[in-house]
Amino acid sequence: MAGGNERSMKALKEVWRRAENSLCADCGKPDPDWASSTLGVFICLSCSGIHRNIPSISKVKSLKMDHWDDGQVQFLAKHGNAVTKATYEAHIPIYYYQPTYNDCQVLREQWIRAKYERKEFTEPGKQLPYSDGVKEGILWKRGRDNGQFLPRKFLLSEREGCLKYFTKQDAKEPKINVKIDVINATFQPVKIGNPNGLQITYLKDNKTRNIFVYHESGKEVVDWFNAIRSVQFHYLKVAFPIASDNEIKNRLTRKFLKEGYMEKTGPKQREAFKKRWFTLDHRRLMYFKDPLDAFAKGEVFVGSRENGYSVQKGLPSGTQGNFSWHYGLTIVTPDREYLFTCETETDQLDWIAAFTSIINQAMTPQEYASKCLDAVSL
């Protein structure tokens, strides 16, 4: 018996060491140490917890702590991540967002359920709930002024190229009608205080407007997210006919580069520093009094190094404004310097890294145009 166990463990390690199995099959995290004995995939601890919630589909075991018999090892050897992906990820739409280990729980769970439970990507041309160019339903939306979440009807239309929401079910006219090309959507469960929280942003008069929504169903809110990406993809295919699918995919919904609290002072740099919530959305740095504000109190354009923008650690000598946080940073633009302080050195370095990544990128013609339209300063 002992010899059999040693033989099984040796065979298991050989399969485990294959290059195809070095990343989690579902989120890409390195060095997965769990596997599904029924699907034949190697997965990380976090994804194994999601698999455990669909026991009719997947039985998970630790590669280090659990016993694997010869039959189970042979099943893993026959399958593995490459073979299983070829089946369950054979026909993923180009616009479908495939989450990584850095993404929130609802995105990763619905990705796993879409693959193995609902088998959404096993057949070509399968009709999916987010792929037909129209989506209508109820989302719970946070009120701009009172902060209460109330049910609102939303309508997404590829034909009209827009997203609408209505304050009443039978309303004839929408409260908003937003063109699809100015919309972004990003999951914000912590900020919204709901595991299915989704932040929808759009440009209004070249300023950012935030809408915060959620749905009780994780599947429904992720379907909305991918429906937005689907409509955007088809809109951009028409708008940019010579662009490749991957180029268009990279222009769909995006995460914010960095969010968090900093202190800021005014343009005279003598006022007291005030604590504000900051969001860096590519070249737009916005600040809010509250993270769930509908509108930013101010925005600043962050350009490229070749156009006179830079970020510096610390504050200029002789800075007069009172501040309670002591890890400063300075954004230098052709027009003025913007001064901020962070609570910790880690926050300071993270913000500097985020600004540096943007400043080191060359500006596009569209970004030049956006800069010319920006008129609000911090």
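Residues are numbered from 1 along each chain as its sequence is written. Because the model is predicted, local features need pLDDT of at least 70 and side-chain atom pairs count only at pLDDT 80 or more, while totals for chains, interfaces and linings use all residues; side-chain values use heavy atoms, with hydrogens and water left out.

**Overall build**

Let us start with the whole protein. Its C-alpha atoms fill a box of roughly 80 × 55 × 45 Å along the principal axes. There are ten helices and 17 strands; these are DSSP runs, numbered from the N terminus, with helices being H or I of at least four residues and strands E of at least two. Of the 378 residues, 49% are buried (buried means under 20% relative accessible area, exposed over 50% and partly exposed in between, with a 1.4 Å probe and protein chains only).

**Annotated domains**

UniProt, in an unreviewed entry, annotates residues 6–129 as "domain: Arf-GAP". UniProt positions follow the numbering used here, feature names are shortened, and annotations may be inferred rather than shown by experiment. Residues 6–129 are 40% helix and 6% strand, with end C-alpha atoms 48 Å apart. For residues 132–233 the figures are 20% helix and 46% strand, and the end C-alpha atoms lie 12 Å apart.

Methionine 65 sits in the loop between β3 (60–62) and α3 (70–78). Methionine 65 counts as exposed, at 67% relative accessibility.

**A seven-stranded sheet**

Seven strands build an open, antiparallel sheet in the order β14-β13-β12-β11-β17-β16-β15. Its edges are β14 (298–301) and β15 (310–313), each pairing on one side only. From one strand to the next, the twist averages 35°. Strands pair if DSSP finds at least two bridges between them. Within the sheet, β11 (residues 258–264) and β17 (residues 337–342) pair in the antiparallel sense over two bridges, and glutamate 263 has threonine 341 in β17 as its bridge partner.

Helix α9 (residues 345–359) lies across several strands, including β11 and β17, and runs at about 160° to β15. Axes are lines fitted to C-alpha atoms, for helices over the stretch in contact (heavy atoms within 4.5 Å), and angles run from 0 to 180 degrees between N-to-C directions.

**Aromatic contacts**

The structure holds 19 aromatic pairs. Rings of Phe, Tyr and Trp (its six-membered ring) pair if their centres lie within 6.5 Å; planes under 30 degrees apart count as stacked, over 60 as edge-to-face and the rest as tilted. Two edge-to-face pairs are shown here.

| Pair | Centre to centre | Angle between planes |
|---|---|---|
| Phenylalanine 154 and tryptophan 224 | 6.4 Å | 75° |
| Phenylalanine 301 and tyrosine 309 | 6.2 Å | 70° |

Phenylalanine 154 lies in β5 (residues 149–157) and tryptophan 224 in α7 (residues 218–239), so this pair ties together parts 70 residues apart in sequence. Phenylalanine 154 is buried at 1% relative accessible area, and tryptophan 224 is buried at 2%. Phenylalanine 301 and tyrosine 309 are buried too.

Elsewhere, Tyr95, Tyr96, Trp111, Phe121, Tyr130 and Phe233 form one aromatic cluster.
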